[in-house]
Amino acid sequence: MRTLLPLRLPSPIAATLPSAASLLPALTRVSLRGTPPRANMSSAAAAPDSAAANPAATGEEGRREAVDVLVQYVVLRRDLADAWPLGSVVAQGCHAAVAAVWAHRDHPDAAAYCAPGNLDSMHKACSTVTLEVKGETQLRNLAEKLEAAGVRHKLWIEQPENIPTCIATAPCPKSQVSSFFKKLKLCK
């Protein structure tokens with residue numbers, strides 16, 4: 001588990017603020033051992049789980065308990081990416097991602113995702129995946145599925161035009177949400 005360094009603020013301010021350790025809840029580790037691979041997963045996707053179950057296959061890493069990666073999915077509309085300037089589309093994804101994290105900032109997964117030790121290494125314990133859908137209909141359908149399943153997310157609607165542009169999930173364990181995104185393409 002990572003330790004947090006104390007906040008270093010000028011003494012009058014530091015005396016009135018709680019320590020960083022009390023602001024962030026403990027990181028939750030989810031064991032993937034004993035979890036059977038899903039029938040619809042390819043053998044390549046299931047390989048990391050089987051390697052974790054076989055310590056001899058991966059050495060010391062295999063002996064450690066597998067940890068479920070925290071992920072934030074950002075889904076953009078391909079039709080807008082073809083019609084709008086690239087910067088505008090990227091800004092929409094940024095708006096949705098920040099809004100999703102901020103709206104769920106008190107959730108332990110969001111706190112762990114934004115922990116100081118994870119911010120500079122978003123490829124290990126945490127990651128962001130950017131995907132695309134064809135257009136507004138697919139985006140709204142995805143939003144409905146996420147809502148029905150109780151997946152924390154933000155459907156970003158650009159104002160004042162009232163155009164749904166993208167979805168971002170709040171950070172959550174990949175194993176809990178990846179099934180909603182498995183058929184979507186990586187954004188290119």
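The questions and answers below concern a predicted model.

Residues are numbered from 1 along each chain as its sequence is written, and side-chain values use heavy atoms, with hydrogens and water left out. In this predicted model, local features need pLDDT of at least 70 and side-chain atom pairs count only at pLDDT 80 or more, while totals for chains, interfaces and linings use all residues.

Me: What distance does helix H10 reach from its first C-alpha to its last?
Reply: Helices are DSSP runs of H or I with at least four residues, strands are runs of E with at least two, and both are numbered from the N terminus. H10 covers residues 136-149, 14 residues in total. The expected span is 1.5 Å times one less than the number of residues. For H10 that expectation is 20 Å, and the distance reached is close to it, at 20 Å.

Me: Within what arc do the buried residues of H10 fall?
Reply: Buried means under 20% relative accessible area, exposed over 50%, and partly exposed in between (1.4 Å probe, protein chains only). Leu 139, Leu 142, Ala 143 and Leu 146 are buried in H10. They line one face of the helix because, by the directions from the helix axis to the C-beta atoms, they fall within an arc of 100 degrees.

Me: Which strands are included in what covers the buried residues of H10?
Reply: Contact means heavy atoms within 4.5 Å. The cover of the buried H10 residues includes S1 (70-77), S2 (126-133), S3 (153-158) and S4 (163-169).

Me: Is Asp 109 buried or exposed?
Reply: Asp 109 lies in helix H8 (residues 108-113). Not counting residues up to four places away in sequence, Asp 109 touches Leu 70, Arg 152, Pro 171, Cys 172 and Pro 173. Its relative accessible area is 12%, so Asp 109 is buried.
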